[in-house]
Amino acid sequence: MSIVSVRNLRREYTQGAFTVHALRGVDLDIAAGEFTALMGPSGSGKTTLLNLIGGLDEPTAGEITVDGQDLSRMKAGDRSELRLRRLGFVFQSYNLIPVLSAVENTEFVLMLRGESAANRRQRAMETLAAVGLKGMEHRRPSELSGGQQQRVAVARAIAGEPALVLADEPTANLDSTTGHELIELMQRLNRERGLTFVFATHDPKVMEAARRVVRLEDGQIASDERKGS
Amino acid sequence: MNFGLLFTLAARGLRRNRRRSLITIAGIAFGLGLMSLSNNIGYGSHQDMVKSAVGLMAGHIVVQHADYQDEPRAERVVANSGQIASSLAAAMPEATVLRRINLEGLLLSPLSSTAVGLRAVQPEAEAMVIDLDDRIVEGEWLKADDADAIILGQLLAERLSVGLGDKVVFMSQVGDRDVDSRLFRVRGMFRTGSPEIDGMSAIVNLEPAQELLPETDPATLVAVHLPDDRQTADQTVLARQLVPDPGLAVMAWQEAIPDIVAFVELDSAYSDAMWLVLGVIVALGVVNTVLMSVMERVREFGVMMAIGMKPRQLAAMVLMEGMVLGLIGAAIGLALGTLATWPLMHYGLDLSEMYGGESIEAGGVPLSLVLYPEIDTARLVVYPFIGVLFAVLASLYPAWKVTGLQPVQAIRHQ
């Protein structure tokens, strides 16, 4: 069953007198439990596609269905609610809230959902342990290395048990060893918890780890390869 | 959304740029502290003024001729005033009930004459409610059995060139009656420090002044002085039942001396207007702090929106930052204002050097130039709310800016 379904998706931006065609009619289905990499050069449209799937942006035309809900017909408030309940995000620059500790960052989504203090704290602690940050729960982002911060970002993305995790260049700011460890962590979470991951990435290591690689060029899908199939 | 989370985010957000937040808090605290101190001084002087006016010009409850307030003519008297005073005194045993006559006329000495306001009183009762007997600078206060005695303001005695024991004649015309006169002998002189009062006031016993008025046992007013102003409303109702005569008006002091009430209200309103201006200036400082704080965190807000925070929740967080600034500033400001008030409540604020005298006259009431502030508890409760309200209002614009953010653009913001 598809967790993401994209049909004839178009996104155009106006820059002065020019119109930039970021996506030119993309069709894509992603099944639950997939570990998918969106690859392509800068400007190919992968981040735009990721943002549209995440409901952070609105398409010029086309349809996006995520977890059975048609994003193209949803209001901004409903898309916020969908992101809160069903999606997780990992960004290139970690983007943790600097004034909150690792465990507070991790439980932030659960707080927004209104879960009880005891329940969300326990889940956040368990999630941090699962990403290898046991003992660092009360450190602020400034007291953590880049790799550790990105692990907190992953913990924040998965603590709410989302249907889909969207990661935009998650290894771009990490050294190769740390990046590799992070990919292994996400692979393990995909394998053990059945979490669906979609990456926008340049990183060949992510491409190697991904079971499906979708290549974008000039706003269109150039290839769609599944490994081991 | 969780209030605790909003508060945590706001409080920690403000700690990111501590210096900027502290300067803003200091601005709020200083403004509110100054406002609180100034209000306490104003409140103290207003209380002093009302107390003086109630004592000198009225009473907590006043019985007068029904038309006297419209036009205070001498012949508009309370007849059988002794009986009325007795019935009020019997019903209110803790109160001091007294009678007065106010007459305008001419006071003549062998060498000079001048217009005066003659005040006829019951000396013992009067001494219990006003402090003129303590302000005698020559001679002595009135004695009830000395019908010829007159006490003059020191300046008035100088104008008439009279001293203790000298004779003066008071002349007055009441209504359609012929001009009448009465001889008095100077027994004492008082000094309030107010040239208007010291230069135009004379005090005599009630009985000789009654001879100048129509009706039986007349008085300009019967005044009831209560031990506590908070009893005024209830006891006025009782007094109205005891004095049902439609030709008489039974009033609480607020009705009896409306000029004083209006003066206090106007003075308070003027002060409030000044503080409103200061509040707006401080609020602009809060706008700057919160707006800067918001503009520095656009990317962070973008991430928060991406992970599911709604624009209104972000706006609530920004308003909470203003509220936290306001709360801390208000708490410090009130503490500062109260601490600054404390020594002045005991030692007073002496303005006599500035005004060059001992007292000033306002609305016919001598006011001491040594001001003793009082803590205005009603406003003490209101001020923190005003501080927080201004800070929250000042955060509305930054909060509104946040609601317009688009997640994708905000995340890319550098």
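Visitor: Before I look at anything, what counts as a pocket here, and which residues count as lining?

Guide: A pocket is an open set of points on a 1 Å grid over the protein atoms alone, with protein on both sides within 12 Å along at least five of seven lines, and its lining residues have an atom within 4 Å of a point. Please keep in mind that this is a predicted model.

Visitor: OK, take the second largest pocket. How many residues line it, and which lie nearest its centre?

Guide: The lining comprises 29 residues, and those nearest the centre are Gln47(B), Asp48(B), Val50(B), Lys51(B) and Ser52(B). The space in this second largest pocket comes to about 890 Å³.

Visitor: Which element gives the most to that lining?

Guide: That is α2(B), which contributes 8 residues to the lining of the second largest pocket. At least two residues each come from α2, α4 (123–129) and β13 (365–368) of chain B. Sorted by class, the lining has 12 nonpolar, 8 polar and 9 charged residues.

Visitor: And where does it lie relative to the domains of chain B?

Guide: The second largest pocket lies between domain 1 (3–53 + 261–412) and domain 2 (59–256) of chain B, because both of them give residues to its lining.

Visitor: Now the largest pocket: how much space is in it, and what lines it?

Guide: The largest pocket holds about 1100 Å³ of space. Its lining has 34 residues, with Met57(B), Tyr68(B), Asn102(B), Glu104(B) and Arg119(B) nearest the centre. Several elements of chain B each supply at least two lining residues, among them α2 (18–57), β2 (96–108), β3 (113–121) and α10 (258–295). By class, the lining of the largest pocket has 21 nonpolar, 7 polar and 6 charged residues.

Visitor: Why is the largest pocket placed between domains?

Guide: Domain 1 and domain 2 of chain B both give residues to the lining of the largest pocket, so the pocket lies between them.

Visitor: How far apart are the C-alpha centres of those domains, and how much area do they bury?

Guide: The C-alpha centres of domain 1 and domain 2 of chain B lie 47 Å apart. In their contact, 9 residues come from domain 1 of chain B and 8 residues from domain 2 of chain B. Between them the two domains bury about 690 Å², with 61% of it on carbon and sulfur atoms.

Visitor: Switching topic, how many residues of chain A and chain B are in contact?

Guide: On the chain A side 25 residues are in contact, and these meet 24 residues of chain B. The area buried between chain A and chain B is about 2100 Å², of which carbon and sulfur atoms give 62%. Of the area that chain A buries against chain B, Leu56(A), Val99(A) and Leu112(A) supply 24%, more than any other three residues.

Visitor: Where do they lie, and is each buried or exposed?

Guide: Asn95(A) is in the loop between β6 (87–90) and α3 (102–113) of chain A, and with a relative accessible area of 10% Asn95(A) is buried. Glu161(A) is in the loop between α5 (146–159) and β7 (164–168) of chain A, and Glu161(A) is exposed, with a relative accessible area of 57%.

Notes. Residues numbered from 1 in each chain as written. Chains lettered and ligands numbered in written order. Predicted model: local features only at pLDDT ≥ 70, side-chain atom pairs only at ≥ 80, totals over all residues. Heavy atoms only, no water. Helix = DSSP H or I, 4+ residues; strand = E, 2+ residues; numbered from the N terminus. Buried < 20%, exposed > 50% of the residue type's maximum accessible area, 1.4 Å probe, protein only. 1 Å grid on protein atoms, 1.4 Å probe; cavity = no way out; pocket = protein on both sides within 12 Å on 5 of 7 lines; lining within 4 Å. Points joined across faces, edges and corners; volume = space filled by probe spheres on them. Nonpolar A, V, L, I, M, F, W, Y, C, P; charged D, E, K, R; others polar. Domains from an automatic or database assignment. Contact = heavy atoms within 4.5 Å. Buried area = accessible area lost by both parts, 1.4 Å probe.
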